[in-house]
Amino acid sequence: MATTSPESATETTMDRSTSILVRFTAAPNVTSEQYDESIRRLEKSGEWLPDGLEFHVAFKSGGNLRVSEIWDSQKQLDAFGERLMPVLKDVGIELAGKPEVLEIHNMLTR
């Protein structure tokens with residue numbers, strides 16, 4: 001089973017203290033039920049909602065489960081990734097590739 005960790009998405013030119021947008025695409029065989037189970041396990045362990053996570057949304061696009069998140073920093077994403085990856089592996093969630101990580105220039109909310 002090949003998984004890709006959030007740490008592997010770190011770009012060397014990115015300031016590790018800058019807010020980031022991270023976009024994950026699950027492998028085609030990942031189900032909504034697997035995603036829901038991973039959230040249940042994280043909640044039960046007290047790991048959800050993690051420090052530094054500003055926004056989380058899960059959705060289907062092109063038949064694949066996708067997750068987009070806004071984090072206060074790459075450092076906080078990396079720290080959570082160390083706790084998240086064993087849970088994803090345990091429920092059989094694999095990523096389709098490296099997460100896309102983008103530095104946030106501006107964020108507006110209502």
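**Figure 1. Helix H2 and its kink.** Shortly before the proline Pro 86, helix H2 has a kink of about 35° at Glu 82. (The bend at a residue is the angle between axes fitted to the seven residues ending there and the seven starting there.) This is a predicted model, so local features need pLDDT of at least 70 and side-chain atom pairs count only at pLDDT 80 or more, while totals for chains, interfaces and linings use all residues. Residues are numbered from 1 along each chain as its sequence is written, and side-chain values use heavy atoms, with hydrogens and water left out. Helices (H or I, at least four residues) and strands (E, at least two) are DSSP runs, numbered from the N terminus. H2 covers residues 74-91, and its 18 residues reach 25 Å from first C-alpha to last, close to the 26 Å expected at 1.5 Å a residue. (That expected span is 1.5 Å times one less than the number of residues.) Just after H2 comes Gly 92, with a positive phi of about 85°.

Figure 2. The buried residues of H2 include Leu 77, Phe 80, Leu 84 and Leu 88.

**Figure 3. Helix H1, one face in and one face out.** H1 has 14 residues and reaches 20 Å from its first C-alpha to its last, close to the 20 Å expected. Gln 34, Tyr 35, Ser 38, Ile 39 and Leu 42 are its buried residues. Looking down the axis of H1, these buried residues fall within an arc of 140°, so they line one face of the helix. (The arc is that of the directions from the helix axis to the C-beta atoms.) An α-helix has 3.6 residues a turn, so residues three or four places apart point the same way. On the face turned away from the buried side of H1 sit the exposed residues Glu 33 and Lys 44. The cover over the buried residues of H1 includes strand S2 (53-61), S3 and H2.

**Figure 4. Gln 34, up close.** Is Gln 34 buried or exposed? Gln 34 is buried, because its relative accessible area is 18%. Leaving aside neighbours within four places in sequence, Gln 34 is in contact with Asn 29, Val 91, Gly 92 and Ile 93. (Contact means heavy atoms within 4.5 Å.)

**Figure 5. The nonpolar core.** The largest nonpolar core has 24 residues, and Val 22 and Trp 71 have the most contacts inside it. (Such a core is a set of buried Ala, Val, Leu, Ile, Met, Phe, Trp, Tyr and Cys residues joined through side-chain atoms within 4.5 Å.) S1, H1, S3 and H2 are the elements that give two or more residues to this core. H2 supplies the largest share, 7 residues. Not counting residues up to four places away in sequence, the residues that Val 22 touches include Val 67, Trp 71, Leu 77 and Val 101.

Figure 6. Ser 19 sits in the segment before S1. With a relative accessible area of 27%, Ser 19 is partly exposed. Ser 19 and Ile 70 are 51 residues apart in sequence, yet 7.1 Å apart in space, C-alpha to C-alpha.

How values were computed:
Buried means under 20% relative accessible area, exposed over 50%, partly exposed in between (1.4 Å probe, protein chains only).
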